[in-house]
Amino acid sequence: MIESVGDIQEGPLPCGVASDESQQVSVDGLEAYRLSMRRFAGSWASLPYQAQATCPLCRVVVAAVYDRLGDQIVLTFHCGNCGQSSQVHHDRIWTRVVSDFPGSAARTFSGSRINPVHRRLPRTVETLCPECSAVLVGRYFVEGGAVYIEKTCPEHGHFRDCINSDVLLFSKAAWWTWEEHPGQQFPQVTGGERCPSDCGLCNQHLSSPCLAQIDLTNRCNMRCPICFANAGASGFVYEPDYEEVIRELRVLRELRPTPCTAIQFTGGEPTIHPDFLRIVSAASEMGFSHIQIATNGIKMADPDFARKTAEAGLHTLYLQFDGVGEQAHRHTRNYPGIWEKKLATLENCRWTGQKVCLVPTILKGINDDQVGEIFRFAVENIDVVSAISYQPVSFSGRIDPRELAARRYTLGDLAHGIEEASGASALHDMFPLSVVVPLSQILEALSGKPKIRPSCHPDCAFGTYFLVSPEGKAYPFPQVVNVEGMFVDMNRIAARIRRRGRATWIDRLCVWRMFKRHFNSDSAPADLTVGRFIRSLKGLVDKSVGRGEGERLTYKTLLCAGMHFQDRYNYDVERAKRCVILYSTPAGVFPFCTHNCGPQYRDFTECANAVDGQYAPNDNDKKLAEKTT
């Protein structure tokens, strides 16, 4: 259930149903597309490099040149209004840098060099052309308190977009990353030299999946104006059979060094796959400890179907939820009666013991006024709602620059929306997802078992956790515990255990004292003790503690964050290398931001594996057309 807006362009390769001939065309087309993506790479192999950039004085786009001055990369602007001026840029393209973080990997398991995360501005980035997907040199820079990206394609010209509306929040996020990790021990693509054209997963990838995804179908029982992942848009049906899905699940369980333990089935609408319940049961039997679906909730509104999914082993619904009330869904969904379906789905999950993550797609000027309404709804339904994953919209196709600027909604915008609704401080109480890596590392060090690490790029996700009292008051975690000090200490203890090779009772005592030292009882709810706080943290990763009977002894928590998936306008290749949301497909394993956006490998994979002879729109089209007219 991938959502985006814009004038939806044709995929990189047009196709209909998949005959043997069309599959071969797709394979040949994919190789040509990969070559096309890196066709300009030689142009910046050495300096100087010609570009276009925004003059820092008059803000007009002018000719500019990247060059080396001593050990620094300098961008010189040649402006007809202001004359010549220069800026030093922090660089990872022409400058090789090794992380100074203790214990950080310098190379992947396969030997590819790791470029540490950028922390400063302005800086160079490898990015994509919005028109042709070619890899380009771009830069991040600050203007009017916001962070922007700009790049120049030799064929399609200059492009510019807002990365984050708040440079202070953006800069804070950049500093809350930890050691670099060496990626996959057995990448499926070896010898990859340029991301993201050598994808699937290649030897340059740095992270393991926190959550893997499998598309069960591109059919859907809705026709959302902001969704392109459906048969009606692509012109063919993609729906892997049971055996293929099991193979894709097995690939995920065989990933090393960390086998995948969390799976999300998506689409299209995954619940309409003919073997949906059987697939969920199989995932449970294969050892996936967390199973969820990205769904619109229509079928889950049926109590009998909801009961069957719970019996099959489904834990969580990633529920499409663009606001509170029918009107909030009118522009984004255009499906009369959808709000009643959402409420029925929530009630069924309350009855079955399943949890719900609300997933709003946010467009500026369309439904950004719903950020606060959604937060308050989640707090009121904290017994069944465990998280809100706001998703600033990703623009999948071409869009007019003025429309792009008007509709672009960034993580900075979201942070201030959450601040206004909750009372949490955007600057003090919110962090990137990568801040919690030490929690995974301490659990792994104490248990001796591999744990998933949310080692994504700090630009990917931003938000906070709330503790919700029985009275319905939400307390941001950083007001209850010293987050900065706790995670720094946690990382230090985990590193010490790794060096020794085993955990001792002294280490466990140190962990307890660490929590007690950083717990702020004056700001915590009156009935929350250090022990109950620790149990609540454990409940986030252990269902025997956080759900069922064990849930009675834990404190209610609410994740409230945004994950901003990329598009070709705001693409940063380093983010793709660190992606922790991976897709298992018939063609391999792909990061979210290469499969669904950016290069959009989804188009090739689904085209090559389309169901032979299947008509594009599904059987509900006529009925849906009548309902939405």
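Guide: First, a definition: buried means under 20% relative accessible area, exposed over 50%, partly exposed in between (1.4 Å probe, protein chains only). Helices (H or I, at least four residues) and strands (E, at least two) are DSSP runs, numbered from the N terminus. This is a predicted model: local features need pLDDT of at least 70, side-chain atom pairs count only at pLDDT 80 or more, and totals for chains, interfaces and linings use all residues. Residues are numbered from 1 along each chain as its sequence is written, and side-chain values use heavy atoms, with hydrogens and water left out.

Visitor: What percentage of the residues in the protein chain is buried?
Guide: The chain has 21 helices and 23 strands. Of its 629 residues, the buried ones make up 61%.

Visitor: Why are the buried residues of α6 on the same side?
Guide: Helix α6 spans residues 303-312, and its buried residues are Phe305, Ala306, Thr309 and Ala312. They lie on the same side of α6 because they cover an arc (directions from the helix axis to the C-beta atoms) of only 125° around the axis.

Visitor: Which helices are included in what covers the buried residues of α6?
Guide: Contact means heavy atoms within 4.5 Å. By that criterion, the cover includes α5 (276-285) and α7 (338-352).

Visitor: What is the bridge partner of valine 147 in β9?
Guide: Strands pair if DSSP finds at least two bridges between them. β8 (residues 146-153) and β9 (residues 157-164) pair in the antiparallel sense over seven bridges. They form a hairpin, with three residues between them. In β9, valine 147 has as its bridge partner asparagine 164.
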